[in-house]
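Please read the points below alongside the coordinates.

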Amino acid sequence: MNNKIDTPRIAVFAGSFDPMTVGHWNILQRALPLFDKIIVAVGINTEKHCCQPLDERMAHLNRLFSNTERIEVASYSGLTVDFCHEHGARYLLRGVRNMADFEYERNIADINRTVAPDIETVILFAEPQYAAISSTMVRELMTFGKEVQDFIV
Ligand code: ADP
């Protein structure tokens, strides 16, 4: 039984957010009523080829959420569950768009549960109009000079 009922419900929404899309945004807005605080955690992944430098991404996200009291922005390297522990977060917020996401997210959730049983993964399904939107797709369009304003925040 979890007897930490009075402790704040803090969730971590982790990703590269390179860039943050309307799909990520939608997950965040729908998750806000579920938690006291959500930390948007930008993972520093040295192996992943990034489009926008980390400092610019952080500045943009900080601007984006400057008026949203219950959303914080942070960057981290290392294991996401370690970041959760350091910030008192008991929930990992994730989004699922399709079957491929589902398998991937289930594997990650299983591994995270094994190494950090105190952290629960909470998954929201993408709304259909956002299910095809990914940061990768946006970066691809940008590479070819296409307009992406409708897909990003
Ligand atoms: P990264 O930027 O590291 O690739 P993701 O883009 O996968 O991270 O985003 C982090 C989380 O957001 C993941 O759980 C992912 O499934 C979810 N997500 C990404 N795009 C969408 C979308 N369009 N709708 C709902 N969830 C999404």
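Buried is used here for a residue under 20% relative accessible area, exposed for one over 50%, and partly exposed for anything in between, with a 1.4 Å probe and protein chains only. The model is predicted, so local features need pLDDT of at least 70 and side-chain atom pairs count only at pLDDT 80 or more, while totals for chains, interfaces and linings use all residues. Residues are numbered from 1 along each chain as its sequence is written, and side-chain values use heavy atoms, with hydrogens and water left out.

1. Arg-57. This residue belongs to helix 2, residues 54-64 (helices are DSSP runs of H or I with at least four residues, strands are runs of E with at least two, both numbered from the N terminus). Arg-57 counts as buried because its relative accessibility is 4%. Its side chain reaches the backbone oxygen of Ser-16 at 2.8 Å. That is a polar contact, meaning a pair of N or O atoms within 3.5 Å; within protein, one must be able to donate a hydrogen and the other to accept it, and residues adjacent in sequence count only if both atoms are side-chain atoms.

2. The shell around the ligand. The ligand is surrounded by 17 residues, the closest being Ser-16, Gly-95, Glu-105, Tyr-130 and Ile-133; a residue is near the ligand if one of its heavy atoms lies within 4 Å of it. Strand 1 (10-15), helix 1 (22-31), strand 4 (91-96) and helix 4 (99-115) each contribute at least two shell residues. By class there are seven nonpolar, five polar and five charged residues in the shell. Here Ala, Val, Leu, Ile, Met, Phe, Trp, Tyr, Cys and Pro are nonpolar, Asp, Glu, Lys and Arg are charged, and the others, Gly among them, are polar.

3. A backbone N or O atom of Ile-133 is 2.8 Å from a ligand nitrogen. A polar side-chain atom of Arg-97 lies 3.3 Å from a nitrogen atom of the ligand, and a polar backbone atom of Phe-17 is 3.2 Å from a ligand oxygen. Of the 530 Å² of accessible area that the ligand has on its own, the protein covers 89% (Shrake-Rupley method, 1.4 Å probe).

4. The loop between strand 1 and helix 1. Phe-17 is found in this loop, and its phi is near 50°, a positive value in a residue other than glycine. Phe-17 is buried, since its relative accessible area is 3%. Pro-19 is in the loop between strand 1 and helix 1 as well, and the peptide bond from Asp-18 to Pro-19 is cis, with omega near 5°. Most residues other than glycine have a negative phi, and most peptide bonds are trans.

5. Ser-135. What does the side chain of Ser-135 lie 2.8 Å from? A polar atom of that side chain is at this distance from the backbone oxygen of Pro-19. Ser-135 lies in helix 5, residues 135-143, and counts as buried because its relative accessibility is 12%.

6. Val-40, in strand 2 (residues 37-43), is buried at 0% relative accessibility. Its C-alpha atom is 9.5 Å from that of Leu-93, 53 residues apart along the chain. Ser-75, in strand 3 (residues 71-76), is partly exposed at 34%.
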